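Subject: Structure handover

Hi,

Here is the structure for you to look through. My notes follow below it.

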Amino acid sequence: MRAGLATYSSGVPVVGVCEDEPALRSVLERGLRLIGHDPVVTATAAEALRAFAVRPPQALVLDIGLPDADGRDLCLALRAAGVDAPVMFLTARDGVHDKIAGFEAGGDDYLTKPFEFDELRVRLDALLRRTVAASSDSPDRPVLDPARHALVMGDVEVALTPTEFRLLGRLMSEPARVVRRHTLVAAAWPHGAMVSDNTLDSYVRRIRNKLAPLGVEAITTVRGVGYRWQ
């Protein structure tokens with residue numbers, strides 16, 4: 001392990017990877033092992049959710065263009081599940097709006113394909129130096145599934161629209177904290193979209209109605225400010 005890299009209980013940082021392109025996935029796995037990391041490598045969002053729940057990583061490298069979900073939705077689902085490891089997004093999209101959407105979804109860094117592995121290495125090291133221990137999921141709490149765009153609790157699955165999914169994911173990613181209205185709008189709607197207060201409130205009501213059959217009443221209105229998941 002190189003000097004200056006954060007150390008963990010195992011002595012080796014676990015790095016979660018979700019990349020669907022086989023050649024790049026192989027390069028990432030091999031390269032991460034060579035520089036002293038312990039990669040947990042997956043190819044789909046569904047696989048990543050399962051793997052990272054078993055072995056919570058200290059950092060995440062997520063492709064945005066996954067076959068079963070948007071990588072940003074995967075990030076929201078992981079955040080909502082309590083995985084707070086820093087996230088580096090990989091994508092061929094280099095537009096400013098795409099980058100903003102990645103950060104709004106909870107990402108910490110953004111690397112455009114194609115890239116040199118050395119650049120990924122130094123960026124990843126910067127994330128690992130300031131990482132915090134990731135927490136694992138609890139079996140009795142609702143879980144967001146980005147592949148199915150659903151909220152799952154036990155054997156019950158509640159379908160969500162993409163906007164509902166992103167609103168709920170943003171709220172669940174910061175439990176007990178008030179998320180301001182403009183932050184929720186930025187997370188759930190395309191950059192520059194004109195969203196009225198009534199529209200946001202209407203979506204929150206829809207989410208509350210969908211949570212009711214699960215016995216979950218966790219969204220609190222903070223008047224004039226936003227909403228809180230608790």
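Let me begin with one helix pair. The side chains of D118 and R121 form a salt bridge, 3.6 Å from N to O. By salt bridge I mean a side-chain nitrogen of Lys or Arg within 4 Å of a carboxyl oxygen of Asp or Glu. D118 and R121 are three residues apart in helix α5, so about one helical turn separates them. In general, an α-helix has 3.6 residues a turn, so residues three or four places apart point the same way. D118 is partly exposed, at 48% relative accessibility. The burial classes are: buried under 20% relative accessible area, exposed over 50%, partly exposed in between (1.4 Å probe, protein chains only). Helices (H or I, at least four residues) and strands (E, at least two) are DSSP runs, numbered from the N terminus.

Some ground rules. This is a predicted model: local features need pLDDT of at least 70, side-chain atom pairs count only at pLDDT 80 or more, and totals for chains, interfaces and linings use all residues. Residues are numbered from 1 along each chain as its sequence is written, and side-chain values use heavy atoms, with hydrogens and water left out.

**Other salt bridges**

The structure holds 19 salt bridges. One of them joins the side chains of E19 and K113, at 3.0 Å from N to O. This pair links distant parts of the chain, 94 residues apart. E19 sits in the loop between β1 (14–18) and α1 (22–34), and K113 in the loop between β5 (109–112) and α5 (117–129). E19 is buried, with a relative accessible area of 1%.

R79 and D108 also meet through their side chains in a salt bridge, at 3.2 Å from N to O. Here too the pair links distant parts of the chain: R79 is in helix α3 (residues 71–80), D108 in the loop between α4 (96–104) and β5, 29 residues apart. R79 counts as buried at 14% relative accessibility, whereas D108 is partly exposed at 29%. A network of salt bridges links E29, R33, D38 and R55.

**Nonpolar cores**

A nonpolar core is a set of buried Ala, Val, Leu, Ile, Met, Phe, Trp, Tyr and Cys residues joined through side-chain atoms within 4.5 Å. The largest one has 49 residues. Those touching the most other members are L62, L74, L144, L151, L168, I219 and W229. Helix α3 supplies the largest share of this core, six residues. Contact means heavy atoms within 4.5 Å. Leaving aside neighbours within four places in sequence, L74 is in contact with C18, A45, A48, L49, L62, L66 and P146. A second, separate core of 17 residues includes L28, I35, M88 and L111.

In α2 (residues 45–54), A45, A48, L49 and F52 are buried. Seen down the helix axis, the buried residues of α2 fall within an arc of 100°, so they line one face. That arc is taken from the directions from the helix axis to the C-beta atoms. R50 and V54 are exposed on the other side of α2. The cover over the buried residues of α2 includes β1, β2 (38–42), β3 (59–63), α3 and β6.

Helix α6 (residues 162–172) is largely enclosed by the rest of the structure, because nine of its eleven residues are buried. Among them are F165, L168 and R170. R170 is also in contact with T183, which lies in helix α7. T183 counts as buried at 16% relative accessibility.

**Aromatics**

How many aromatic pairs does a search of the whole structure find? It finds one. Rings of Phe, Tyr and Trp (its six-membered ring) pair if their centres lie within 6.5 Å; planes under 30 degrees apart count as stacked, over 60 as edge-to-face and the rest as tilted. W189 and Y203 are edge-to-face, 5.3 Å centre to centre, with 90° between the planes. W189 lies in the loop between α7 (181–188) and α8 (197–211) and Y203 in helix α8, so the pair ties together parts 14 residues apart in sequence. W189 is buried at 14% relative accessibility, and Y203 is buried at 17%.

The charged end of R206 sits over the ring of Y203, 4.4 Å from its centre. The test for that is NZ of Lys or CZ of Arg within 6 Å of the ring centre and within 35 degrees of the ring normal.

Best wishes
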